[in-house]
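Okay, thanks for coming, everyone.

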Amino acid sequence: MNKVPFFRSAVDESDIERVSSVLRTNFLTTGQVTAEFESKLADYTDTGFAVGTMSCTSAMHLCLIAMGVGPGDEVITTPMSFVATANVVSHVGARPVFADVDSETGNLIPELVEAVVTERTKAIIPVHLYGQMCDMEAICQIAGKYNLHVIEDAAHGLEARRNEYGLGSHSNAACLSFYATKNITSGEGGAVVTNDESLADRLRTLRLHGMSADAADRYTGLYRHYDVVNAGWKANMNNIQAALAIGQLERIAQLHRLRINAYNFYDEAFAKVKGIALMRRIDNVRHAAHLFTIRVDPDVRDAFLHGLQERGIGVAVNFRPIHLMSHYKSSYGCFEGQYPNAEAIGSSTISLPLFPGVTIDEQQQVIDAVADIAAELG
Ligand SMILES: *Cc1c(COP(=O)(O)O)cnc(C)c1O
């Protein structure tokens, strides 16, 4: 058992009560509670529409399908992400094309994105790494120039803003994750937020077998027949998931403040520890503070990880770059040295415990353990 776990969920008794009350209603699939969550999510992100899905992966997958991206097409994305970001491109038969990231923030560099645009490029998927929003104005300007779709992978960025804008304000859509350790969770779950009503309509059909009416439409009034307008998927968010997430969404300002406070506490403490580098905070960005990472000498990174675990500190690595995974090397010809900035982050990064309930005492234990190991290995 870790002294300081990597993650402790912020689910509370009121969330459990809300889930229990849905379990007593007998309507467990997509219905009223899902619609309520979607409406609150659209309000929170200040977008016109939210469509709940099974995961961020399915949200991004369905966006690509809804935008008509398929075999023969290319989609530009970042190697510094969870593999889902590139896998969804493979799922539709398109080719993931990577561009290197900023070595200090881990976010895509717009000029490097533009440099890999070809005749076949159909979309760009930027990732707001660790919770800092990419330069969406610059990325979407490039997209406008070459007539490309932009899907934000906002799995880390629910609370993120940049300058005066938020998710989905420049792009076609932003995809969220409510996976167990994300900033709010429904166990598993995701959503697309967008200002494009016709895209939202297509996504609602695609998430449920291409059916023109969901169960709530069919059973809550007089029975209505449905049509099937495409061979859609099975990726709908259900009422149980939505019930779990609603309360966290209502408390999001408070949960986010706790995360930011904890993030700032680490940032200040680690600035004084020799041998530890930190990610650069971007000006005028509201950090979603999803992950707090330190950078250490790649030669001692794994020893560092194990040293922290031996001292009872939960750790993770976010991320080893996607282009170095076997599948991407063998299927797309990716190779070591191709994206040096992403590789430098991937070989030096360690994620530390960051969650709304982390205490100052727990954070101090983490800081002391890191300083201890840095001195030992330094
Ligand atoms: C977690 C994560 C995903 C996948 O989210 P799921 O809801 O598990 O599908 C995608 N992209 C990034 C950057 C993530 O961290």
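This is a predicted model: local features need pLDDT of at least 70, side-chain atom pairs count only at pLDDT 80 or more; totals for chains, interfaces and linings use all residues.

I'll start with the ligand, then move to a salt bridge, and finish with a couple of backbone details.

Where does it sit? It's in the largest pocket. Now, which elements give two or more residues to the shell around the ligand? Those are helix H3, residues 56-66, and helix H4, residues 84-91.

There are 16 residues around the ligand, and the ones that come nearest are Thr57, Asp153, His156, Ser177 and Lys182. If you sort the shell by type, you get 7 nonpolar residues, 7 polar and 2 charged.

Let's go through a few of the contacts. With threonine 57, there's an N or O atom in the side chain sitting 2.5 Å from an oxygen atom of the ligand. Over at aspartate 153, a side-chain N or O atom is 2.7 Å from a nitrogen atom of the ligand. And for lysine 182, a polar side-chain atom is 3.2 Å from a ligand oxygen. How much of the ligand does the protein cover? On its own the ligand has 390 Å² of accessible area, and the protein covers 93% of that.

Okay, salt bridges. Side chains of opposite charge can pair when their charged atoms come close. The count here is 18 salt bridges. One I'd like to show you is arginine 207 with glutamate 38, where the closest N and O atoms are 2.9 Å apart. Arginine 207 is in the loop between helix H7 (197-206) and helix H8 (215-219), while glutamate 38 is in helix H2 (residues 32-45), so this pair ties together parts that are 169 residues apart in sequence.

While we're in that loop between H7 and H8, have a look at histidine 209. Its phi is near 60 degrees, a positive value, and this is a residue other than glycine.

Last stop: which two residues does a cis peptide bond join? They're asparagine 318 and phenylalanine 319, with omega about 10 degrees. You'll find phenylalanine 319 in the loop between helix H11 (301-310) and helix H12 (326-332).

Terms used
Residues are numbered from 1 along each chain as its sequence is written. Side-chain values use heavy atoms; hydrogens and water are left out. A residue is near a molecule or strand if one of its heavy atoms lies within 4 Å of it. A polar contact is a pair of N or O atoms within 3.5 Å; within protein, one must be able to donate a hydrogen and the other to accept it, and residues adjacent in sequence count only if both atoms are side-chain atoms. Accessible areas come from the Shrake-Rupley method with a 1.4 Å probe; for residues, only the protein chains shown count as cover. On a 1 Å grid over the protein atoms alone, a cavity is a set of points where a 1.4 Å probe fits but cannot get out, and a pocket is an open set with protein on both sides within 12 Å along at least five of seven lines; lining residues have an atom within 4 Å of a point. A molecule sits in a cavity or pocket if more than half of its atoms lie within 2 Å of its grid points. Helices (H or I, at least four residues) and strands (E, at least two) are DSSP runs, numbered from the N terminus. Ala, Val, Leu, Ile, Met, Phe, Trp, Tyr, Cys and Pro count as nonpolar, Asp, Glu, Lys and Arg as charged, and the others, Gly among them, as polar. A salt bridge is a side-chain nitrogen of Lys or Arg within 4 Å of a carboxyl oxygen of Asp or Glu.
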